[in-house]
Amino acid sequence: MNYCEDSFLINRLKEGDEKAYVYLIDRYNKRLYGYALSLSDNRAMAEDILQNVFLRTWENRRQLYITSSVQNYLFKSVYNEFINQYKKNRSTMVLEKKYYETLDNITKDMDDGLLESRIKQLKKEIDNLPPKCREAFILSRKEGLTNIEISDYLNISVKTVESHITKAFGILRKRLADKSRPLLFLLLGKVDFHNPYNRKEG
């Protein structure tokens, strides 16, 4: 059977064809895992996301409504599942409704390839930050530590921590295109480029 045609694959899935489901997993598993990993930066979380997406696709197969392509549908499903997981795993951070609306606005006009490309660009630029700036920046924005906690952890002054984070933001502002900057929301939590110290200490 020619499962490579989207319309045929969707119809077979709706009819409960398990071979079609196996084909779906074999064909998209690797690229979807890479995408989930680029979003979460966590292998276990990426695996959970993928498992949930495939399982939900099978469970809801009779109601499948795909207007673009199977690939786009699955990429969007991975993104939505990431947001669900993110909400659960970031319970220590105050996640406002406006924050998620911003995420939707950032990504709704992007196709999946563009979104993935910009995420990779952002992570690459963070990796290319000077070592001390990168360490302080990641501890602040990814690990959720306050400047005081980072100061204790790195055995440096709070002023030095602030200097490293300010420098990191300055470098990223210069290196990232305007449309890529808001993706810091997605990967590193709530960020205000004009005020990198918008989080409470303590």
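Does histidine 164 count as buried or exposed, and what is its relative accessibility?

## Histidine 164

In this predicted model, histidine 164 counts as buried, because its relative accessibility is 15% and the cut-off for buried is under 20%. The residue belongs to helix H9, which spans residues 158–175.

What does histidine 164 touch, once residues up to four places away in sequence are set aside? Its partners are then Lys132, Cys133, Ala136 and Ile156.

## The chain as a whole

Let's step back to the overall layout. The chain holds ten helices and zero strands, so its pattern along the sequence can be written as α-α-α-α-α-α-α-α-α-α. Of its 202 residues, 42% are buried, and histidine 164 is one that counts as such.

Contacts across the sequence are worth a look too. Taking contacts between residues at least 6 apart in sequence, 67% join residues at least 24 apart. As for the surface, the chain exposes about 11600 Å², and carbon and sulfur atoms supply 48% of that area.

## Helices H1 and H2

Two packed helices are described by the angle between their axes and the distance between the axes. For helix H1 (residues 6–14) and helix H2 (residues 18–40), the axes come within 9 Å and cross at roughly 130°.

Which residues meet where H1 and H2 are in contact? From H1 come Asp6, Leu9, Arg12 and Leu13; from H2 come Ala20, Tyr21, Tyr23, Leu24, Arg27 and Tyr28. Sorted by type, the residues of this contact include seven nonpolar, three charged and no polar ones.

## Confidence along the chain

The mean pLDDT of the chain is 76, and 72% of the residues reach 70 or more. Among the elements of the chain, helix H3 (residues 43–59) has the highest mean pLDDT, at 90, while helix H10 (residues 183–188) has the lowest, at 53.

Where does the pLDDT fall below 50? One such stretch is residues 92–96, which has seven contacts in the model beyond near neighbours in sequence. Another is residues 189–202, where the pLDDT is also below 50; beyond near neighbours in sequence, that stretch has 43 contacts in the model.

Terms used:
Residues numbered from 1 in each chain as written. Predicted model: local features only at pLDDT ≥ 70, side-chain atom pairs only at ≥ 80, totals over all residues. Heavy atoms only, no water. Helix = DSSP H or I, 4+ residues; strand = E, 2+ residues; numbered from the N terminus. Buried < 20%, exposed > 50% of the residue type's maximum accessible area, 1.4 Å probe, protein only. Contact = heavy atoms within 4.5 Å. Axes fitted to C-alpha atoms, helices over the stretch in contact; angles between N-to-C directions. Nonpolar A, V, L, I, M, F, W, Y, C, P; charged D, E, K, R; others polar. pLDDT = per-residue confidence, 0-100. Areas by Shrake-Rupley, 256 points an atom, 1.4 Å probe, with all protein chains shown as cover.
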